[in-house]
Amino acid sequence: MRLTIASPGRFGNGPERALFELYRGRIRWNVQLREVEARGRRSPAETVRRESELLSACCPAGAYVVALDAAGRSLSSADFARRLGALRDRGSSEIVFLIGGADGLAPSLVAGADLVLAFGAATWPHLLVRTMLVEQIFRAQEILAGHPYHRARETV
């Protein structure tokens, strides 16, 4: 199963990238990071439209698409693990996670997603969301394997 995290902007060589790479390196699934950039000066609405076009291009036909949006569903780590496990078990080969830029994702991209996921009601910087997401993917892997990394009371 290949997991793609698609997001506008670029990681520098700072601590966000280091933490992202730490968790990505622990995941046994193939995790790709696709960074897109809408160059040039645009209005916020035009930036959202252009970023969403670039993000949409990261979604191959047949991929299970997860849009990260504050209006989405908040899942516990165990519920997130169950979702990934079910996708793995049914033979899904490609899951794409879409993270919007400063002004979010185009409504059409959110509406077309198979799952709209939120990391709570707070607004998070997209570089931090990447790291939070990759940690949750690692945690899901460990939950599915029965590893004690996940110590919350709920189980899969």
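Start with the contacts in this predicted model. Take the pairs that lie at least 6 apart in sequence: 83% of them join residues at least 24 apart.

**Whole chain**

You will pass five helices and five strands. Their order along the sequence is β-α-β-α-β-α-β-α-β-α.

Now switch to C-alpha atoms. Along the principal axes they fill a box of roughly 50 × 35 × 30 Å. What does the radius of gyration say about the 156 residues? The protein has 15 Å, and a compact globule with that number of residues would have a value near 15 Å, so the two agree.

Colour by burial next: 44% of the 156 residues count as buried.

**The largest pocket**

Which residues sit closest to the centre of the largest pocket? Select L68, A70, T123, W124 and V129. They belong to a lining of 20 residues. The space in this pocket is about 350 Å³.

Next, highlight β3, β5 (115-118) and α5 (126-144). Each supplies at least two residues of the pocket lining. Stay on β3 for a moment: β3 gives the most, with three residues.

Colour the pocket lining by residue class. Twelve residues are nonpolar, six are polar and two are charged.

**The largest cavity**

How many cavities of 30 Å³ or more does a search of the whole structure find? There is one. The largest cavity holds about 40 Å³ of space.

Select its lining: Y64, V66, F80, R83, L84, L87, I95, F97 and L115. Centre the view on α3. This helix provides the largest share of the lining, four residues.

Colour by class again. The cavity lining has eight nonpolar residues, no polar ones and one charged residue. To find the charged one, pick R83 from the lining, since Arg counts as charged.

**Last view**

Definitions and conventions: Residues are numbered from 1 along each chain as its sequence is written. This is a predicted model: local features need pLDDT of at least 70, side-chain atom pairs count only at pLDDT 80 or more; totals for chains, interfaces and linings use all residues. Side-chain values use heavy atoms; hydrogens and water are left out. On a 1 Å grid over the protein atoms alone, a cavity is a set of points where a 1.4 Å probe fits but cannot get out, and a pocket is an open set with protein on both sides within 12 Å along at least five of seven lines; lining residues have an atom within 4 Å of a point. Grid points are joined across faces, edges and corners, and a volume is the space filled by probe spheres set on the points. The radius of gyration is taken over C-alpha atoms; the globule rule is 2.2 Å times the number of residues to the power 0.38. Buried means under 20% relative accessible area, exposed over 50%, partly exposed in between (1.4 Å probe, protein chains only). Contact means heavy atoms within 4.5 Å.
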